[in-house]
Structures are given as C-alpha cells and as structure tokens.
Amino acid sequence: MSVQQQRADSAKDEGEKDICYVALGSNLGDSEAYLNKAITALRSSPLINQLNVSPFYQSKPHGPQDQPDYLNAVVRFITTYQAKPLLDFLQSIENDNQRTRKGVVRWGARTLDLDLLFYGDAVINTKRLTVPHPRICERAFVLLPLNDLRADLQVDLKKSASITIKSCIDALPKSALKDISLYHG
Ligand code: A4P
Ligand code: MG
C-alpha cells in the first residue's frame, strides 16, 4: 500500500466525509415501495448523513425491451463508509428487497438496483467496483435525476476531459428524452 493510500485510509478512520451519488432503479413488483424502502435503509445507517433524494422518474427500459418500464431516482449523501463496504451495504439492501441475480439476463428486470455513481472524486477500477459508474453519460434515467440534485457536478466521465451532467444531457439523442418522464405516483 502506498504512503498516499495509507494517509487516505487513516483520514477516513478519522471521519473524513465523502459525497456519494447512488442511482436507484426498479421495474418489478411495487417499484415505488422498493425505492422508498432503499432510501429508508440508507437513511437508517449511522454512516450515512444528509441524504437528499431526486424526484422519481418513469423510464422505458434501456436494454431488452420485453420488460416493464422502470422507476428511477438518484440520492446524494455524505458518508464515512469506504467505497467497498458501501458497495457491500448497497448489495445487502438489494438482497433484502428480493433482488435475484442467478441466471438473470443482463440489464433484465429487477426489484431493486443500486449503482454507485460517484464516490467523492475517487476513480476506482477493481474487479468489483468501477467508479465513476461507466454508463452515466449515456443514460437519461441517471442524468435527469442527477441534474435535479446538482446540475454543475463536474466529473471525469471520459478520460479526455471533465464534463458536466448538463452537457451530457444536451448530448443525448432527442429520442432518449421521449422515453422518460417525471413520476407523479
Ligand atoms: N459493479 C461495478 N461497479 C459498480 C458500481 N459503480 N455500482 C459491479 C454498483 N455495482 C458495480 O451489478 C453487477 C456487478 O457490477 C456487481 O456485482 C458489482 O460488483 P448487478 O447490480 O449485479 O447487475 P446489473 O445491475 O444488472 O449490472 P449492470 O451491468 O451494472 O447493469 P446496469 O448498468 O445497472 O443496468 N433501464 C431503465 N430505464 N432504468 C434502469 O434503471 N437499469 C438497467 C441495469 C438496465 N436498463 C435500465 C435500468
Ligand atoms: Mg447494478
């Protein structure tokens, strides 16, 4: 472990905080209830604070089309979780909400999906975790709720340059915006 990494780790031990963004998605069962249960579980963690929730959006499936429409949202919070334990926590919330993984189609229907979009300004490329999430900029169902929380968020989504969430939205094909709308319950 590098000295820099050790410093970063010990800073975490002393309670350094990071702002995280997590995307929520559901298209099986009572999706509104699944999203709300996930938000409640995140809020109930003593390691997560100041959680804000975007509006909910309904969106046509990205990927296989023979599945129900999705309900999507993004949450923003401050945490003292390190990234890998945070992923473990997100996956435990998915599992507590009837998420099954065995033999499922890629991008197929699910009761609850929690994707870590950003963990502060960390760039993580391990077997289990890629952060920033690699498909943010092509997905209206992530970009619109992210934009509601913070339009000026600027990140190295592409290696070449930092780009804003707003500029990613502007670059989406018009058809992508037709497939998503605000959810009114
Ligand atoms: N993993 C790596 N990086 C991350 C990260 N940043 N956050 C690994 C979360 N997980 C990450 O994920 C597979 C593995 O990715 C995990 O074991 C973890 O170690 P998964 O949740 O088991 O499977 P998945 O979600 O089906 O995989 P994938 O490829 O991430 O799917 P996506 O990209 O999440 O797409 N259409 C609409 N309209 N709305 C949606 O929400 N969602 C999907 C799923 C497809 N179409 C959709 C939607
Ligand atoms: Mg996922």
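Two residues are in contact if their C-beta atoms, placed from the backbone, lie within 7 Å. The exercises below use a predicted model.

**Exercise 1. Find what covers the buried residues of helix 3.**

Solution. 
- Start with the buried residues. In helix 3 they are Ala83, Leu86, Leu87, Leu90, Ile93 and Glu94.
- Ask how they are arranged. They lie on the same side of helix 3, because their arc around the axis is only 120 degrees.
- Recall the general rule. An α-helix has 3.6 residues a turn, so residues three or four places apart point the same way.
- Now list the cover. It includes strand 1 (18-26), helix 2 (31-43) and strand 4. Strand 5, strand 6 (124-125) and strand 7 are also included.
- Finish with the face turned away from the buried side. Exposed residues Pro85, Asp88, Ser92, Asn95 and Asp96 sit there.

**Exercise 2. Check the span of helix 3 against 1.5 Å a residue.**

Solution. 
- Take the expected span: one less than the number of residues, times 1.5 Å.
- Helix 3 has 14 residues, so it should span 20 Å.
- Compare with the model. The end C-alpha atoms of helix 3 are 20 Å apart, which agrees.

**Exercise 3. Locate glutamine 98 and decide whether it is buried or exposed.**

Solution. 
- Glutamine 98 follows helix 3. Its loop runs between helix 3 (83-96) and strand 5 (113-119).
- Count neighbours. There are 12 other C-beta atoms within 10 Å, so glutamine 98 is exposed.

**Exercise 4. Describe the peptide bond between valine 131 and proline 132.**

Solution. 
- Omega is about -5 degrees, and the bond is cis.
- Most peptide bonds are trans.
- Proline 132 belongs to the loop between strand 7 (130-131) and helix 4 (140-149).

**Exercise 5. Describe the shell around ligand 1.**

Solution. 
- There are 21 residues around ligand 1. Gly25, Ser59, His62, Tyr70 and Trp107 come nearest.
- Strand 4 (70-79), strand 5 and strand 7 each give two or more residues to the shell.
- Strand 5 gives the largest share, three residues.
- Sort by class: eight residues are nonpolar, seven polar and six charged.

How values were computed
Residues are numbered from 1 along each chain as its sequence is written. Chains are lettered from A and ligands numbered from 1 in the order in which they are written. This is a predicted model: local features need pLDDT of at least 70, side-chain atom pairs count only at pLDDT 80 or more; totals for chains, interfaces and linings use all residues. Helices (H or I, at least four residues) and strands (E, at least two) are DSSP runs, numbered from the N terminus. A residue is buried if 20 or more other C-beta atoms lie within 10 Å of its own, exposed if 12 or fewer, and partly exposed in between; C-beta atoms are placed from the backbone. A residue is near a molecule or strand if its C-beta atom, placed from the backbone, lies within 6 Å of it. Ala, Val, Leu, Ile, Met, Phe, Trp, Tyr, Cys and Pro count as nonpolar, Asp, Glu, Lys and Arg as charged, and the others, Gly among them, as polar. The arc is that of the directions from the helix axis to the C-beta atoms.
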